[in-house]
Amino acid sequence: MNSRDDSAQLPAPETRAGTARVPGPGAHRLPAVFLGIWRDRLGLMTRLAEEYGDVVRFKMGPKTLYYFNHPDHAKHILADQHDNYHRGIGLLQARRALGDGLLTTDGATWRTQRAAVQPVFNRDHTNRYASAIVDETSRMLDRWRTSSTDGPVDLAAEMTTLTLAVLGRTLIPEGIPDRNSLGHAFEAVQDQAMFEMVTLGSVPHWLPTQRNRRFRWARRQIDEIVSEVLGATQAQDGTLVSRLSAAYQNTTDPRQRHRTLRDALATLLLAGHETTSSTLTWAFHLLAERPDVVQRMRAEISDAAGDRPLAPADVRALRYTTMVVQETMRLFPPVWILPRRAVASDRIGGVHIPAGADVIVCPYTLHRHQAFWDRPTDFDPDRFDPEAGHGRHRFAYIPFGAGPRHCVGSNLGMLEATLVAAMVVRDFDLVLAADHPPHPLPMLSLKARDGLPMNLVPHGSGRGTKTSPQS
């Protein structure tokens, strides 16, 4: 899925006096690196790893970035020494809209929010959320049945709508008001964060550019919708908002308390739907190219539920479907990059990391590392059979991050993705729209550029056209 510009080859490694030799493109090739970051971030990270190995040092304007692409390095940064590596480039830019939530904070603020949110996402609670997933997905499928002959449907947009609806049902009793506007607002936030990261904040926020105007609209939308949710649910016991409210009950300034709750909830709303929406979008793209995988999924679903509707309890029997979701997240990890900033100096893989340096772990390239994955670019769900994965490095696969900052909603995300994938595949043949191959768009999550137009054909109608399996 990577596009590669062979005309923009990266230069030979440079040596930095007084330190171990760290391979990577020299500062004089900043334009080539900048162009890659702007136009093809996945391609750039892939080329850097291929040409320089597991440790790469490169410049992005005045910044020096250290890129680590080995499971041992990921373990060191994300788990063993996690207190020394705070949120980094990209996430800091998103802070302008999301505020001080779980994605953008560290230290005491992060620990307080994590402790408040963790019980809402534990396995016992997550299992009870499954009925909401089944209900909302059933509504979507019913709508598809009445419009399956109306032409292509953007599956990426459909999955965003669905996952926001599920999130509203599972976390907020009244649901999320104006979900479409909130989804568009979060897209604008991600776009702005990536733009500011690439341009290093060189474009003033006050300029009346289209992007700046869109970002200001997005921030207003998030503020209004989140404030409405807070007002409606803060006093209700047992909700996510009530737990957050209790965690900050000793905050004496009511405006500061509202702002803290707003930031925490806004971040959870973004992270809670984006990762699952991205995973499902790429899963349906991959499945449209692999009818053999779809057949195995349908056989498993039939064994689990027969002719009756799927129920939440059936997910335990959907082992192969779960493997399909896992393999999708290997090839297209929703969180494709994990940026960090070193608080104090450190050594990783024999390389000196100065205090304040920007450090990157890239799950997208780590999940395709040839030393840890056989045929790394192939879509092969069987690699997640428990026997096949025996002995694999634990940090070779980190779709939800790793260490203490491992995604708090990973159980809910896996449950939702597995159930939705099974329900959709059982009822519909998904046929890729002609002349529209999807391309990854690496924002804060790994989205599909221009969406994913697909034709929805009720299974068994005889109108589906299968594409050939992936090579």
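The conversation below goes through aromatic pairs, charges over rings and nonpolar cores.

Modeller: Please keep in mind that this is a predicted model, in which local features need pLDDT of at least 70 and side-chain atom pairs count only at pLDDT 80 or more, while totals for chains, interfaces and linings use all residues. Residues are numbered from 1 along each chain as its sequence is written, and side-chain values use heavy atoms, with hydrogens and water left out.

Biologist: Why is the pair of Trp282 and Phe332 called stacked?

Modeller: Rings of Phe, Tyr and Trp (its six-membered ring) pair if their centres lie within 6.5 Å, and planes under 30 degrees apart count as stacked, over 60 as edge-to-face and the rest as tilted. The structure holds five aromatic pairs. In this one the ring centres of Trp282 and Phe332 are 4.3 Å apart and the planes are at 10 degrees, so the pair is stacked. Trp282 belongs to helix α11 (residues 254-288) and Phe332 to the loop between α13 (319-331) and β5 (338-342), 50 residues apart; helices (H or I, at least four residues) and strands (E, at least two) are DSSP runs, numbered from the N terminus.

Biologist: How do you know that Trp282 is buried?

Modeller: Buried means under 20% relative accessible area, exposed over 50% and partly exposed in between (1.4 Å probe, protein chains only). Trp282 has a relative accessible area of 1%, so Trp282 is buried, and Phe332, at 1% relative accessibility, also counts as buried.

Biologist: What makes the pair of Trp373 and Phe384 tilted?

Modeller: The ring centres of Trp373 and Phe384 are 6.0 Å apart and the planes are at 40 degrees, so the pair is tilted. Ring pairs also link Trp373, Phe384 and Tyr397 into a cluster.

Biologist: Why is Arg330 said to lie over the face of Trp373?

Modeller: A charge sits over a ring if NZ of Lys or CZ of Arg is within 6 Å of the ring centre and within 35 degrees of the ring normal. Arg330 lies over the face of Trp373 at 5.2 Å from the ring centre, and the charged end of Arg405 sits over the ring of Trp110, 5.0 Å from its centre.

Biologist: What makes a set of residues a nonpolar core?

Modeller: A nonpolar core is a set of buried Ala, Val, Leu, Ile, Met, Phe, Trp, Tyr and Cys residues joined through side-chain atoms within 4.5 Å. The largest has 124 residues, and those with the most contacts inside it include Tyr67, Trp144 and Leu265. Helix α11 gives the most to this core, with 13 residues.
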